[in-house]
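Good morning, everyone, and thank you for making time for this.

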Amino acid sequence: MNPIQEKAHSISLMVANRPGVLVRISLVFSRRGYNIDSLVVSPTLDPNFSRMNIVARGNPTILEQIIKQLEKLVDVVQAKDHTNMNVVEKELALIKVKCSPEQRTEMLQLCDHFKAVTVDMTETSMIIQITGNTDKIDAMKSLSQKFEIIEYIRTGKVIMLRGEDKT
Amino acid sequence: MNELNTKKTLNGAEVTLECLKREGVEIIFGYPGGSAIPLFDALYDSNMKVVLSRHEQGATHMADGYARQTGKVGVALVTSGPGATNTFTGIYTALMDSIPIVVLTAQTTTPNLGKDAFQECDTSGMTFAAVKHSYLVKKSNDLPRILKEAFHVARTGRPGPVLIDLPKDVLAGVCSASFSDEMDLPGYKIPTYADLSAVEQAAELLKTSKKPLLLVGHGAMISNASRQVKELAEKLNAPVTSTLLGLGVFPADHDLSLGMLGMHGTVYANKAVLDCDLIFSIGSRFDDRITGKLEEFCKNAKIIHLDIDPAEQGKVLEPDVFLCGDAKLVLEQLLPMVPRLDSAEWVKTVQTWKKRYPLTYPKQGGLRMQHVIHTLSELTKGKAILNVDVGQHQMWAAQFFNANYPRQLHNSGGAGTMGFGFPSSIGASFGNTTGWPVCCIAGDGGFQMTLSELATAAIHKLPIKIFVLDNKYLGMVRQWQDMFYDKRYSSVDLVGNPDFVKLAEAYGIPGLRLKRSADTERIIQKALDYNDGPILIHCECEKEDNVFPMIPAGAPITSMITEMPKTKLEKPTGST
Ligand SMILES: Cc1ncc(C[n+]2csc(CCOP(=O)(O)OP(=O)(O)O)c2C)c(N)n1
Ligand SMILES: [Mg+2]
């Protein structure tokens with residue numbers, strides 16, 4: 001990881017389910033040279049709307065502007081930066097490692113520690129599924145490096161405000 | 001159920017047309033082609049006025065000019081593929097200046113989308129960044145709702161261009177949806193009044209100001225806030241400066257008027273910006289043309305920023321108070337809260353500057369563009385509509401035409417689109433109800449970008465006075481090369497210009513020649529008296545004149561230059 005990388009911001013959007021809405025949103029980011037780390041689109045209880053969770057990095061003043069410009073899009077109902085707010089943040093990762101039968105016990109111990117589960121196993125490999133916040137997944141990934149990681153994928157972060165209020 | 005729907009089944013094109021009528025559209029600027037034929041077929045026996053342009057860019061600027069003149073939504077209609085791409089400059093121009101237009105682009109049939117069909121173009125994909133909003137219509141039955149929404153979005157809030165992409169089968173297919181006023185825009189908000197506490201804060205700031213300055217932008221024009229701006233200026237006793245697009249909102253003749261500020265603004269307006277203790281922007285967005293070097297702009301002044309667009313808050317600079325709302329409504333909120341300020345000293349100072357540093361131009365030498373504009377202003381007593389192109393002539397039009405009324409100076413401000421002036425004057429002429437002459441003020445360069453619309457002006461016998469201010473150069477670029485690039489005139493010589501009088505005559509438009517300063521009044525009067533359609537006045541001007549005052553791009557206002565410097569200047573750090 002780049003040591004001077006800027007802080008990651010968690011943004012949550014409520015958008016009308018319309019073709020093109022994703023492009024309009026990404027254009028707002030790309031115009032300001034903002035990098036999107038992850039993006040999750042999900043249906044909501046109301047089929048007319050989708051929820052988007054975006055993690056992006058960059059200058060916070062520019063981000064404030066980006067949020068306003070997102071809000072301005074006709075199809076965007078709400079745009080909020082949830083960084084530093086009281087939210088539940090979770091993501092899920094799948095990590096595929098090389099793992100011989102001799103190595104299994106150690107790997108399973110590691111899983112146990114992180115409350116990760118194995119979702120696939122062969123003579124030579126294992127897929128581990130882990131959920132949690134970003135730091136936890138980063139830690140698991142880094143420790144799995146002891147075994148050879150074949151591939152790895154993350155869903156990106158989903159956010160929900162704690163308590164009774166809507167996100 | 002609507003009567004029209006019960007009588008006979010309508011196809012998508014007919015429904016579209018009916019929707020346009022329901023939105024109050026009286027005129028469409030367009031250009032046909034294969035995919036658009038169903039719409040043009042519906043237009044064939046309708047009473048809608050259709051103006052056939054000679055290029056789709058022209059049609060879009062016409063819709064824009066019409067919108068600027070009337071405040072209504074302008075409509076352009078073109079075919080798919082190249083017809084659509086030709087509108088992009090016009091759409092972007094409208095976006096940059098917040099102009100309400102609806103652009104209808106025809107499209108290949110829906111089953112053909114994505115297959116590189118003939119003249120298929122991902123029009124909505126290519127224009128996402130240039131529109132306020134857009135639609136690709138997939139079902140004929142969606143048409144009534146989408147058209148309703150498109151006009152609503154185009155004209156409300158901060159206005160802007162809306163594009164509707166219409167596949168041919170959607171136009172030709174049966175539409176059984178009824179016309180209704182239903183819209184589905186859950187994410188669309190229109191600010192009206194500002195937060196009361198913010199208005200109170202603004203009033204408090206104003207009360208303590210001894211050197212206030214009002215900065216009027218296009219937002220004040222769009223919201224029709226002329227009366228409120230004047231009331232505020234007079235009540236506070238505050239001088240008023242204006243952006244290029246705000247000119248006319250506050251009368252130029254008013255004692256408190258300082259004219260335009262910024263790069264080619266007046267000395268006194270820019271001095272006032274430097275010296276004021278409070279600046280109140282009413283519908284301007286602190287464009288780099290007006291702020292110069294941002295860090296130095298109004299460094300010691302309090303800033304109140306009124307804008308209908310919440311995304312303007314802090315975009316360029318952080319105001320002390322941001323008022324989000326419609327200029328007219330917010331000024332009405334504010335007016336009762338403010339007293340006359342203790343600003344008499346300041347107003348006196350500013351007025352001394354006004355006398356000491358008037359806008360001038362050299363009287364010797366050949367014909368000056370400044371003189372042409374100034375004479376036009378005098379002869380019409382400022383009662384004319386000017387559609388101006390982009391370049392030196394544009395800045396002189398802003399400086400030397402006395403605009404006392406809103407919606408009389410039309411400029412492509414944000415985009416600076418050469419080729420805008422002439423077609424937009426055609427749109428303005430169709431929308432003109434003032435009884436004043438519409439004048440196109442174009443340079444020899446920009447005029448040649450869209451001069452094919454001479455046919456359009458001629459056919460409709462539009463009473464436009466077409467001034468071609470010919471310096472045989474891309475003058476504004478030449479000026480920069482003159483001042484900052486050692487006179488290395490690179491690709492600015494317009495050798496090969498046509499004889500504009502003969503050109504006009506080829507379209508059946510009479511042409512007048514103006515070469516000598518002494519003839520200016522007579523020739524312009526002749527043009528103004530002509531009342532049988534368009535007339536072109538070819539003004540052969542000084543080739544190498546420069547626009548002053550000038551603040552080099554990116555430089556602080558204190559770097560203002562008022563005459564050609566003897567020594568070489570640094571290259572500007574700001575853009576264009
Ligand atoms: C479409 C477009 N292309 C290029 C430019 C850059 N540009 C700005 S002013 C200018 C020169 C305009 O020349 P002319 O129309 O003759 O007007 P003048 O400055 O001579 O009065 C140019 C090339 C522009 N603004 N728009
Ligand atoms: Mg020129």
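How many salt bridges does the rule find across the interface of domain 1 of chain B and domain 3 of chain B? The rule finds 0 salt bridges there, where a salt bridge is a side-chain nitrogen of Lys or Arg within 4 Å of a carboxyl oxygen of Asp or Glu.

Before I go on, a word on the source: this is a predicted model, in which local features need pLDDT of at least 70 and side-chain atom pairs count only at pLDDT 80 or more, while totals for chains, interfaces and linings use all residues. Residues are numbered from 1 along each chain as its sequence is written, chains are lettered from A and ligands numbered from 1 in the order in which they are written, and side-chain values use heavy atoms, with hydrogens and water left out.

Let me stay with chain B. Its domain assignment gives domain 1 (3-175), domain 2 (196-356) and domain 3 (369-544), with bounds that come from an automatic or database domain assignment. The centres of domain 1 of chain B and domain 3 of chain B, taken over C-alpha atoms, are separated by 30 Å. The contact between these two domains, meaning heavy atoms within 4.5 Å, takes 26 residues from domain 1 of chain B and 28 residues from domain 3 of chain B.

Between them, domain 1 of chain B and domain 3 of chain B bury about 1900 Å², with 62% of it on carbon and sulfur atoms; buried area here is the accessible area (1.4 Å probe) that two parts lose on being put together, summed over both. Of the area that domain 1 of chain B buries against domain 3 of chain B, 35% is supplied by B:Arg54, B:Arg68 and B:Gln69, more than by any other three residues.

Although the salt bridge count is 0, 8 residue pairs are in polar contact between domain 1 of chain B and domain 3 of chain B, both residues being at pLDDT 80 or more. A polar contact is a pair of N or O atoms within 3.5 Å, and within protein one must be able to donate a hydrogen and the other to accept it, with residues adjacent in sequence counting only if both atoms are side-chain atoms.

On the side of domain 1 of chain B that touches domain 3 of chain B, the elements that give two or more residues are β2 (27-31), β3 (49-52), α4 (56-70) and α6 (88-96) of chain B, where helices (H or I, at least four residues) and strands (E, at least two) are DSSP runs, numbered from the N terminus. The largest share of that side, 11 residues, comes from α4(B). Its residues divide into 10 nonpolar, 11 polar and 5 charged.

Now to chain A, whose secondary structure comes to 4 helices and 9 strands. Of the 167 residues in chain A, 38% are buried, and here buried means under 20% relative accessible area, exposed over 50%, and partly exposed in between (1.4 Å probe, protein chains only).

What does the meeting of the two chains look like in numbers? The contact takes 17 residues from chain A and 20 residues from chain B, and the area buried between chain A and chain B is about 1500 Å², of which carbon and sulfur atoms give 55%. A:Arg18, A:Arg24 and A:Val74 supply 41% of the area that chain A buries against chain B, more than any other three residues.

Across the interface of chain A and chain B the rule finds 3 salt bridges, and the side chains of A:Arg18 and B:Asp184 meet in a salt bridge at 2.8 Å, N to O. The count of residue pairs in polar contact between chain A and chain B is 6, both residues at pLDDT 80 or more. On the side of chain A that touches chain B, α1 (21-31), α2 (60-72) and β4 (76-81) of chain A are the elements that give two or more residues, and α2(A) gives the most, with 5 residues.

Finally, the backbone of chain B. The peptide bond from B:Phe548 to B:Pro549 is cis, with omega near -5°, and B:Pro549 is found in the segment after β20 (535-540) of chain B. B:Lys472, although not a glycine, has a positive phi of about 60°.

Technical notes:
Ala, Val, Leu, Ile, Met, Phe, Trp, Tyr, Cys and Pro count as nonpolar, Asp, Glu, Lys and Arg as charged, and the others, Gly among them, as polar.
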